[in-house]
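Here's a quick briefing to read with the model open beside you. Grab the sequence too, and let's go through it piece by piece.

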Amino acid sequence: MKKFLTGLLAMFMGLTLAMAQTPATAKKEAKPKTEKKAEKATPATPAPAATTKTKKDGTPDKRYKENKTAAAPAGPTKKDGTPDMRYKSNNKSAGKKKA
């Protein structure tokens, strides 16, 4: 009898845990059709210039040769080519005292 009750209890606990782990499904609100058409008609960003190619978010696409040439920093650079921020010519707040 003990084995039967233990088995029944184990089965009950297993079913309880299995049902407790199912995720709740959330329903999305459907947008009216008129809003969807309005969103597509008005672009979020202005049209890119004809000379430079950009990504969807508006940043220049570095896969193209015209976008790979970056402006050279005004002042001294580190070994890896990034501007050295210790100099005033590269850093606007260099040399200023903190308040």
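D61 counts as buried, because its relative accessibility is 7% and the cut-off for buried is under 20%. You'll find D61 in the loop between α2 (33-41) and α3. Keep in mind that this is a predicted model, so treat what follows as a description of a prediction.

**D61 and its partner N67**
- Leaving out neighbours within four places in sequence, D61 is in contact with K53, T54, K55 and N67.
- N67 sits in helix α3, and N67 is buried too, with a relative accessible area of 7%.
- If you skip residues up to four places away in sequence, N67 touches T52, K53, P60, D61 and K62.

**Another buried aspartate: D84**
- For D84, look in the segment after α3 (65-68).
- Buried or exposed? D84 is buried, because its relative accessible area is 8% and buried means under 20%.
- The side chain of D84 makes a polar contact of 2.7 Å with the side chain of R86.
- Not counting residues up to four places away in sequence, D84 touches P76, T77, K78 and N90.

**Out on the surface**
- M1 lies in the segment before α1 (2-20).
- Why does M1 count as exposed? Its relative accessibility is 74%, and the cut-off for exposed is over 50%.
- M1 also belongs to a nonpolar surface patch of about 700 Å², made together with F4, L5, L8, M11 and L15.

**The whole protein**
- How many helices and strands are there? The protein has three helices and zero strands, and reading along the sequence gives you the pattern α-α-α.
- Buried residues such as D61, N67 and D84 belong to a group that makes up 6% of the 99 residues.
- Take the contacts between residues at least 6 apart in sequence: 0% of them join residues at least 24 apart.

Methods: Residues are numbered from 1 along each chain as its sequence is written. This is a predicted model: local features need pLDDT of at least 70, side-chain atom pairs count only at pLDDT 80 or more; totals for chains, interfaces and linings use all residues. Side-chain values use heavy atoms; hydrogens and water are left out. Helices (H or I, at least four residues) and strands (E, at least two) are DSSP runs, numbered from the N terminus. Buried means under 20% relative accessible area, exposed over 50%, partly exposed in between (1.4 Å probe, protein chains only). A polar contact is a pair of N or O atoms within 3.5 Å; within protein, one must be able to donate a hydrogen and the other to accept it, and residues adjacent in sequence count only if both atoms are side-chain atoms. Contact means heavy atoms within 4.5 Å. Patches are made of residues with over 30% relative accessible area and no salt bridge: like charges are joined within 9 Å, nonpolar side chains (Val, Leu, Ile, Met, Phe, Trp, Tyr) within 5 Å. Accessible areas come from the Shrake-Rupley method with a 1.4 Å probe; for residues, only the protein chains shown count as cover. A salt bridge is a side-chain nitrogen of Lys or Arg within 4 Å of a carboxyl oxygen of Asp or Glu.
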